Amino acid sequence: MNSNPCLLAALLLWFGPAGAGPLDEAIDKSAQAKEQYEGGHYEEALQLYRQAQVEAPDTPALDFNVGSALFKTGDYPEAAKEFDQALQGADAGLKARSFYNLGNTYYQQQQYPQAVEAYKQALELDWQDQDAKANLELALAKQQEQQQEREQQQSQDQQQQGQQ
């Protein structure tokens with residue numbers, strides 16, 4: 001999982017200077033969530049990130065952070081939705097991290113073809129990402145293994161049908 005779960009600096013750039021009311025609240029909640037996340041308190045971080053989303057909806061950095069917290073709690077389908085949402089309107093760096101983490105969520109769900117595509121997308125945006133390269137190789141190997149198992153099962157099924 002790619003590091004930098006909070007992207008607090010991105011929020012500051014996204015919202016501009018302080019004094020914006022609800023945006024201050026979102027930044028504050030994000031900072032608290034980051035502390036919880038870094039302390040391994042992912043459920044608490046998730047709640048705080050969700051509160052920040054209420055104050056600052058349609059913020060790709062918050063979608064990414066919520067996805068990261070969901071991933072850590074093991075809620076991979078919901079994490080994938082958040083990473084996908086983070087792709088909307090994000091800069092290239094955040095998009096690359098979102099695709100990488102999206103690949104991780106698919107990998108954890110044994111959806112290897114989708115993981116492969118997500119890692120490829122991450123590498124298109126950041127071709128130097130060694131973690132994405134390594135995970136792409138793992139996902140390709142798992143995809144091939146899964147395909148071989150499927151073919152072997154089909155062969156066994158056909159043999160059993162032929163014996164009946």
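Predicted model: local features only at pLDDT ≥ 70, side-chain atom pairs only at ≥ 80, totals over all residues.

**Exercise 1.** Classify the aromatic pair formed by Y37 and Y42 from its geometry.

Solution. A pair of aromatic rings is described by the distance of the centres and the angle of the planes. The structure holds 5 aromatic pairs, and in the one formed by Y37 and Y42 the centres lie 5.2 Å apart with 70 degrees between the planes. Centres within 6.5 Å make a pair, and planes over 60 degrees apart count as edge-to-face, so the pair of Y37 and Y42 is edge-to-face. As for accessibility, Y37 counts as buried at 9% relative accessibility, whereas Y42, with a relative accessible area of 24%, is partly exposed.

**Exercise 2.** Work out how the rings of F71 and Y76 are arranged.

Solution. The ring centres of F71 and Y76 are 5.1 Å apart and their planes stand at 65 degrees, so this pair is edge-to-face. The relative accessibility of F71 is 12%, and because buried means under 20%, F71 counts as buried.

**Exercise 3.** Locate D58 and Q110, and describe the phi of each residue.

Solution. Most residues other than glycine have a negative phi. D58, although not a glycine, has a positive phi of about 60 degrees; D58 is found in the loop between α3 (42–55) and α4 (60–73), and with a relative accessible area of 64% D58 is exposed. Q110, in the loop between α6 (92–108) and α7 (112–125), likewise has a positive phi, near 60 degrees, and is a residue other than glycine.

Methods. Residues numbered from 1 in each chain as written. Heavy atoms only, no water. Phe/Tyr/Trp six-rings, centres within 6.5 Å; stacked < 30°, edge-to-face > 60°. Buried < 20%, exposed > 50% of the residue type's maximum accessible area, 1.4 Å probe, protein only. Helix = DSSP H or I, 4+ residues; strand = E, 2+ residues; numbered from the N terminus.
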